[in-house]
Amino acid sequence: MTVVSVINYKGGVGKTTVTANIGAELAYRGHKVLLIDLDPQASLTFSFLDPSQWERELADDRTILQWFGTVLNDGGTAPLDRYVIAPTMVNDIISEHSAGRLDLVPSHLMLTDADLDFAADLGGSRFQHGSPRFLPLHRALASALAAPAFEAYQVVLIDCPPNFTMVTRTGIVASDHILIPARPDYLSTLGIDYLRKKVSELVTDFNRVAAGKVEQISPEILGIVFTMVQYSSQGPLLALRDFINHPATIEIPRFATMIRDNKTLFAAAGEQGLPAVLLPNANINVQYELQQLTSEFLAKIRP
Ligand SMILES: Nc1ncnc2c1ncn2[C@@H]1O[C@H](COP(=O)(O)OP(=O)(O)OP(=O)(O)O)[C@@H](O)[C@H]1O
Ligand SMILES: [Mg+2]
């Protein structure tokens with residue numbers, strides 16, 4: 001099982017879209033994939049589920065919010081498998097084609113409250129390393145995913161909110177890799193170096209506290225994926241090229257595949273409960289790029 005967090009400090013750069021499409025394409029190709037929505041906006045959840053179904057069947061007791069609640073009550077370990085659901089629309093398409101499966105741990109709009117409770121539990125917002133709760137809370141998701149119920153999954157993708165609070169940190173601690181979607185513009189590339197620094201600080205802090213007690217962590221940056229790229233007939237617009245070359249200047253790997261801008265296709269995707277890559281009769285260019293991105297992703301996590 002490989003766990004990958006999808007994160008960027010910048011909002012609206014395509015994190016959720018990349019998570020949903022890589023996850024669905026992997027499942028379509030026969031992999032067993034688990035998506036975990038850690039964002040209180042719950043966009044990943046609503047990419048696959050109707051909000052009214054979410055409200056009726058899940059909101060009260062079957063989302064990551066309630067799971068984090070039990071983590072806080074039980075001191076850091078709580079089974080996660082009863083919060084896993086199989087969204088029907090996307091799995092109907094997948095099952096016609098392969099034995100793959102796409103499961104989801106849905107999010108909740110109140111998840112920001114869990115972050116506040118976490119902070120309080122650790123003795124304030126600065127996450128005191130001396131707190132006896134530091135390790136169990138940081139490892140909550142990692143421990144939960146180590147349960148036998150999750151052995152069947154080959155890939156776990158975690159859609160992170162655009163911040164670095166406790167909920168996000170549980171995702172990073174559970175991850176083998178970090179994937180960073182970004183738009184090729186000034187503000188989206190600005191925070192990437194800072195994100196790398198924050199991840200490295202977390203790893204250092206965690207490993208210092210973990211030394212001799214639990215396994216060390218070493219989440220690696222898999223690379224930056226550029227999304228919403230505008231093209232002319234010669235390739236990406238000239239004005240974008242400096243931003244596309246930016247990762248190389250800060251020595252962060254970049255995916256060769258970029259996802260072009262296509263408002264029509266991506267706007268339609270969520271409403272149908274299917275990610276763009278699986279929409280029938282859609283724009284071939286973008287779907288091809290999403291398939292290519294998935295192949296590149298697989299090659300990077302299984303070198
Ligand atoms: N390649 C694309 N072309 C056009 N629109 C896109 C593309 N990728 C994503 N979008 C749209 O851009 C918006 C933001 O994308 P998305 O929700 O994936 O970003 P995000 O980084 O997860 O945002 P947030 O920080 O709010 O979680 C969505 O409306 C999505 O449909
Ligand atoms: Mg998102």
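Rings of Phe, Tyr and Trp (for Trp, the six-membered ring) count as a pair if their centres lie within 6.5 Å; planes under 30 degrees apart are stacked, those over 60 edge-to-face, and the rest tilted. By this rule the structure holds six aromatic pairs. This is a predicted model, in which local features need pLDDT of at least 70 and side-chain atom pairs count only at pLDDT 80 or more, while totals for chains, interfaces and linings use all residues. Residues are numbered from 1 along each chain as its sequence is written, chains are lettered from A and ligands numbered from 1 in the order in which they are written, and side-chain values use heavy atoms, with hydrogens and water left out.

**View 1. The aromatic pair of Phe46 and Trp54.** The rings of Phe46 and Trp54 are edge-to-face, with 5.4 Å from centre to centre and 80 degrees between the planes. Phe46 is partly exposed at 22% relative accessibility, whereas Trp54 is buried at 3% (buried: under 20% relative accessible area; exposed: over 50%; partly exposed: in between; 1.4 Å probe, protein chains only).

**View 2. The cluster of Tyr9, Phe164 and Tyr194.** Ring pairs link Tyr9, Phe164 and Tyr194.

**View 3. Charges over rings.** The charged end of Arg82 sits over the ring of Tyr83, 5.0 Å from its centre. The charged end of Arg260 sits over the ring of Tyr231, at 4.3 Å from the ring centre. The criterion is NZ of Lys or CZ of Arg within 6 Å of the ring centre and within 35 degrees of the ring normal.

**View 4. The shell around ligand 1.** Among the 17 residues around ligand 1, Lys15, Thr16, Thr17, Arg260 and Asn262 come nearest (a residue is near if one of its heavy atoms lies within 4 Å). The shell divides into five nonpolar, seven polar and five charged residues (nonpolar: Ala, Val, Leu, Ile, Met, Phe, Trp, Tyr, Cys and Pro; charged: Asp, Glu, Lys and Arg; polar: the others, Gly among them). Helices α1 (15–28) and α13 (263–271) each supply at least two shell residues, and α1 gives the most, with three (helices are DSSP runs of H or I, at least four residues, numbered from the N terminus).

**View 5. Polar atoms at ligand 1.** Oxygen atoms of ligand 1 lie 2.9 Å from a polar backbone atom of Gly14 and 3.3 Å from a side-chain N or O atom of Asp39. A nitrogen atom of ligand 1 is 2.8 Å from a backbone N or O atom of Arg260. The protein covers 79% of the 630 Å² of accessible area that ligand 1 has on its own (Shrake-Rupley method, 1.4 Å probe).

How values were computed. Polar contact = N/O pair within 3.5 Å; in protein donor to acceptor, adjacent residues only side chain to side chain.
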